[in-house]
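Colleague: I have a chain open on my screen and would like to go through it step by step. Please keep the answers plain.

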Amino acid sequence: MVEYGMTALTALQAGTLNGAKLLGWQDQIGTLKAGYFADIVAVPGDPLQDIAVLQKVSFVMKGGVVYRRD
């Protein structure tokens, strides 16, 4: 999406906040908030500055369980 003109922030929101709203689950997913379902990834940089860092995931947590840690 960024390649075709979206900002990094807008592209990230499309897959999180806006995706949750589209599904009608905005009160359960789409943001890091107490009581919400969340999968978390860590990357070696700021995806708002360089969206390509999302291709270098070093940590994955799903439902409170760590699945990958480098």
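The questions below go from the whole chain to single residues.

Colleague: What average pLDDT does the chain have?

Modeller: This is a predicted model, and pLDDT is the predictor's confidence in each residue, from 0 to 100. In this chain 100% of the residues score at least 70. Confidence is lowest in β3, at a mean of 91, and highest in α1, at 95. The average over the chain is a pLDDT of 94.

Colleague: Which pattern does the chain follow along the sequence?

Modeller: The secondary structure comes to two helices and three strands. The C-alpha trace that carries them spans about 30 × 30 × 15 Å along its principal axes. Read along the sequence, the pattern is α-α-β-β-β.

Colleague: What share of the residues in the chain is buried?

Modeller: A residue counts as buried when its relative accessible area is under 20%. The chain has 70 residues, and the buried share of them is 11%.

Colleague: Which strands stand at the edges of the sheet, and why is one side of each left without a neighbour?

Modeller: The sheet is open, has three strands in the order β1-β2-β3, and its pairing is antiparallel. Each edge strand has a single partner strand, so one side of it has no neighbour in the sheet. Neighbouring strands are turned by 10° against each other on average, direction ignored. The strands at the edges are β1 and β3.

Colleague: Which residue of β2 is the bridge partner of A42?

Modeller: Strand β1 covers residues 39-42 and strand β2 covers residues 59-62. These two run antiparallel and are joined by four bridges. For A42, the bridge partner in β2 is F59.

Colleague: Which residue of β3 stands opposite M61?

Modeller: β3 spans residues 65-69 and pairs with β2 in the antiparallel sense, over four bridges. Opposite M61, the residue in β3 is V66.

Colleague: Which residue in the hairpin of β2 and β3 takes a positive phi?

Modeller: The hairpin has two residues between its strands. A positive phi near 55° is found there, and the residue that takes it is G63.

Colleague: Which two side chains meet in the salt bridge?

Modeller: Side chains of opposite charge can pair when their charged atoms come close. The structure holds one salt bridge. Its N to O distance is 3.0 Å, and the side chains that meet are those of D70 and R68.

Colleague: How far apart are the C-alpha atoms of T16 and G30?

Modeller: T16 lies in the loop between α1 (8-15) and α2 (17-23). T16 counts as partly exposed because its relative accessibility is 38%. Along the chain T16 and G30 are 14 residues apart, while their C-alpha atoms are separated by 4.4 Å.

Colleague: Which residues make the nonpolar surface patch?

Modeller: Residues in a patch need over 30% relative accessible area. M6, in the segment before α1, has 31% and is therefore partly exposed. The patch has an area of about 250 Å², and the residues that make it are M1, V2 and M6.

Note on methods
Residues numbered from 1 in each chain as written. Predicted model: local features only at pLDDT ≥ 70, side-chain atom pairs only at ≥ 80, totals over all residues. Heavy atoms only, no water. Buried < 20%, exposed > 50% of the residue type's maximum accessible area, 1.4 Å probe, protein only. Pairing = 2+ DSSP bridges. Patch = residues over 30% accessible without salt bridge, like charges linked within 9 Å, V, L, I, M, F, W, Y side chains within 5 Å. Areas by Shrake-Rupley, 256 points an atom, 1.4 Å probe, with all protein chains shown as cover. Salt bridge = Lys/Arg side-chain N within 4 Å of Asp/Glu carboxyl O. Axes fitted to C-alpha atoms, helices over the stretch in contact; angles between N-to-C directions.
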